[in-house]
Amino acid sequence: RECHCQVILDLHKAEDISKLGAMEWLVSHIHGVDYVVVICSVGTKFKATKDKKARQLQEIEPCGDLFTGGLKHINLLLHSRGEDMSKFINVYFPYSKKTDVPATLE
């Protein structure tokens, strides 16, 4: 079955990201879509709650840590601008639990 979704993967957009800047690229995509799907797992919760030293290690990725930056931006939208929460969809796999959804996205 088709779900008729356009998926944008940062690993395939490195050139666009380098031209615009990682967070600017990400924010423009968050604002330019009808829905944002956040796939939650134990790793998601870890990234949302990890300490500063662990975050610094993650920032050596080619595009930086876009996932954590995306979570922070979504949290900002949900709490400071009154963004429609229905735009943001949290999903988790059968091996995950609802508690794997970061508190900022509940």
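## Secondary structure

The predicted model contains five helices and two strands. Read from the N terminus, the elements follow the order α-α-β-α-α-α-β. Strand S1 spans 36-40 and strand S2 spans 88-92.

## Burial and contacts

The chain has 106 residues, of which 28% are buried. Its accessible surface amounts to about 7700 Å², and carbon and sulfur atoms account for 57% of that area.

Contacts between residues at least 6 apart in sequence were also examined. Of these contacts, 68% connect residues at least 24 apart.

## Nonpolar surface patch

A nonpolar patch on the surface is formed by Tyr35, Val37, Ile39, Ile89, Val91, Phe93 and Tyr95. Together these residues have about 690 Å² of accessible area. Strands S1 and S2 each contribute at least two residues to the patch, whereas Phe93, another member, lies in the segment after S2.

Phe93 has a relative accessible area of 37%. Phe93 therefore counts as partly exposed, since this class lies between the limits of 20% for buried and 50% for exposed residues. Tyr95 is classed as exposed because its relative accessibility is 65%.

## Aromatic pairing

One aromatic pair is found in a search of the whole structure. The pair consists of Phe93 and Tyr95, with ring centres 5.5 Å apart and an angle of 15° between the planes. The arrangement is stacked, because planes under 30 degrees apart are assigned to that class. Both partners of the pair also belong to the nonpolar patch.

Conventions. Residues are numbered from 1 along each chain as its sequence is written. This is a predicted model: local features need pLDDT of at least 70, side-chain atom pairs count only at pLDDT 80 or more; totals for chains, interfaces and linings use all residues. Side-chain values use heavy atoms; hydrogens and water are left out. Patches are made of residues with over 30% relative accessible area and no salt bridge: like charges are joined within 9 Å, nonpolar side chains (Val, Leu, Ile, Met, Phe, Trp, Tyr) within 5 Å. Accessible areas come from the Shrake-Rupley method with a 1.4 Å probe; for residues, only the protein chains shown count as cover. A salt bridge is a side-chain nitrogen of Lys or Arg within 4 Å of a carboxyl oxygen of Asp or Glu. Helices (H or I, at least four residues) and strands (E, at least two) are DSSP runs, numbered from the N terminus. Buried means under 20% relative accessible area, exposed over 50%, partly exposed in between (1.4 Å probe, protein chains only). Contact means heavy atoms within 4.5 Å. Rings of Phe, Tyr and Trp (its six-membered ring) pair if their centres lie within 6.5 Å; planes under 30 degrees apart count as stacked, over 60 as edge-to-face and the rest as tilted.
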